Amino acid sequence: MLTLKGAKVFNGEEFIEDKDFHIELSSQEEKELSLDGMWILPGLIDTHAHLRDPGQLWREDVYSGTKAAAHGGITTVFAMSNTTPAIDTEQAVIYLKERAKEASADVKIVGAITKGREGKELSEMGRMARAGVVGFSDDGAFLNDSALARHAMEYAYELGLPIISHCEEQYLKGGHMREGWYSTLYGVYPTSFAAESIAIAREIELSYLTKANVHIAHISTKRSVELIRHAKADGINVTCDVCVHHLLFTDKDIEDYDTSKKINPPFPTEEDQKALYEGLEDGTIDAIITDHAPYAVHEKEVEFQAAPFGIIGFETLLNELFMVSKRGIKIEKLLSLVTSKPAKLYGMDGGTIESENPTDFTVFDPNDEWVPSPQTLFSKSRNTPFLNKNLKGRVLATFHNGKKVYGDTKWKLM
């Protein structure tokens, strides 16, 4: 038995001081370890990520992706459907579940809404639900056909699963950063905020019509926050999340043309970001995600407007939350949005610590530091604006299903 003493324990809502934890060891040996000044957190839950498996394995796969997740303290990952081929059949779900049996985190699968994510014909929604998907999304593409979107929501409602919507009106998208003063200054072709909010308005109306739970992914604008806030006040079954990087960067930060900062939706304006913070404070936003989107080095080492959209985030999630907390939002609220709140949102176990012998948890030292680099990252990809930069806070160990899936070399648990 290993006894962890002296840590601050986050139970999913608040910190509890000096709570002892006990971990069963394979041997009968009794050990005791002091964790003064450190945090014990529930295993983090990331409800929106891209493992690139199947078909894009030079960028990431189930094993490298979940090792990276464990390095970041994440024990549950939602794998989105925009793979090659798309996760749009029961057999594709079964394939990924088999691949995930040896993963370092629990992999929840999101099935595509339409075949091939082409927006033309509904996928095998019922069969994928039977195989165990947690929701449906054509992530990376907006289902422009409103009649088909309505039918998808009706099916999802009957299946008791959410539609996770990537909201981007097709005729207003196509830019490479947020439209505004800085896009003009930097000479980068932009996307209007209205591309997102117009699509969200439609999803709200269809949710009102069908009663389906529509979850709006990665909101990034002031109007998005306002629309969702009003919809919730009207009792419409709409929820949403925000990317952690949208809370740290704004459109001004594109000044260095770093392609790791080219993401979709693009960085918000300062006004938009302020609204996102307000949405976190008043409960409009239900979860924080990484939208972990790995790309190979050669894919990002191109001119800014030619680069693909995407940023990795598993391994820096806690560091980024730490940074956000320095801007005025309590760390307890932020941690709840990657633990207990997403667990409740999707009706999952986890996200809390209720016993003295938990199975999913991470040990985090808020006073230590680390540098993301090709030598320290577990992801196959390197597209992070934090590459080779010193970050405050360090994950020391992550346990999943009672097994240590990550342990820092500087700190030996056992």
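**Contacts, cores and salt bridges in a predicted model**

User: In this predicted model, which residues does I219 touch, not counting residues up to four places away in sequence?

Analyst: I219 belongs to the residues with the most contacts inside the largest nonpolar core, which has 94 residues. Leaving out residues up to four places away in sequence, I219 touches E196, I200, S224, V225, I228, C240, D241, V242, H246, L276 and I285.

User: Which residues are included in the second, separate core?

Analyst: The largest nonpolar core has 94 residues, with F136, I216, I219, L280, I288, L321 and L335 having the most contacts inside it. In soluble globular proteins, nonpolar side chains tend to be buried together. The second core is separate and has 15 residues, including M38, F361, A397 and F399.

User: Why is strand β7 described as largely enclosed, and how many of its residues are buried?

Analyst: A residue is buried when its relative accessible area is under 20%. Strand β7 covers residues 44-49. The strand is largely enclosed by the rest of the structure because the number of its residues that are buried is six of the six.

User: What is the handedness of the crossover from β7 to β8?

Analyst: Strands β7 and β8 (residues 74-79) run parallel and are joined by four bridges, with A49 opposite A79 in β8. Between these strands the chain passes through helix α1, residues 62-71. The β-α-β crossover is right-handed.

User: How far apart are the closest N and O atoms of R150 and E154?

Analyst: R150 and E154 lie four residues apart in helix α4 (residues 146-159), a separation of about one helical turn. R150 is partly exposed at 36% relative accessibility, and E154 is partly exposed at 29%. The two residues form a salt bridge, and their closest N and O atoms are separated by 3.0 Å.

User: Which parts of the chain does the salt bridge between D272 and R178 tie together, and how far apart are they in sequence?

Analyst: The closest N and O atoms of D272 and R178 are 3.9 Å apart, and both residues are buried. D272 lies in helix α8 (residues 270-282) and R178 in strand β12 (residues 177-178), so the pair links parts whose separation in sequence is 94 residues.

User: Is D286, the salt-bridge partner of K232, buried or exposed?

Analyst: K232 lies in helix α7 (residues 222-233) and D286 in the loop between α8 and β16 (287-289), so their pairing ties together parts 54 residues apart in sequence. The N to O distance in this salt bridge is 2.7 Å. K232 is partly exposed, with a relative accessible area of 26%. D286, with a relative accessible area of 17%, is buried.

User: Which residues are in contact with P266, leaving aside neighbours within four places in sequence?

Analyst: P266 is placed in the loop between β15 (238-243) and α8, and is buried with a relative accessible area of 6%. The C-alpha atoms of P266 and P190 are separated by 9.1 Å, although the two residues are 76 residues apart along the chain. With neighbours within four places in sequence left aside, the contacts of P266 are M177, R178, S220 and H246.

User: Which residues of helix α10 are buried?

Analyst: Helix α10 covers residues 317-325 and is mostly covered, with eight of its nine residues buried. The buried residues of α10 are L317, L318, N319, E320, L321, F322, V324 and S325.

Technical notes:
Residues are numbered from 1 along each chain as its sequence is written. This is a predicted model: local features need pLDDT of at least 70, side-chain atom pairs count only at pLDDT 80 or more; totals for chains, interfaces and linings use all residues. Side-chain values use heavy atoms; hydrogens and water are left out. Buried means under 20% relative accessible area, exposed over 50%, partly exposed in between (1.4 Å probe, protein chains only). Helices (H or I, at least four residues) and strands (E, at least two) are DSSP runs, numbered from the N terminus. Two strands pair if DSSP finds at least two bridges between them. A crossover is right-handed if, with the strands pointing away from the viewer, the path from the first strand over the helix to the second runs clockwise. A salt bridge is a side-chain nitrogen of Lys or Arg within 4 Å of a carboxyl oxygen of Asp or Glu. Contact means heavy atoms within 4.5 Å. A nonpolar core is a set of buried Ala, Val, Leu, Ile, Met, Phe, Trp, Tyr and Cys residues joined through side-chain atoms within 4.5 Å.
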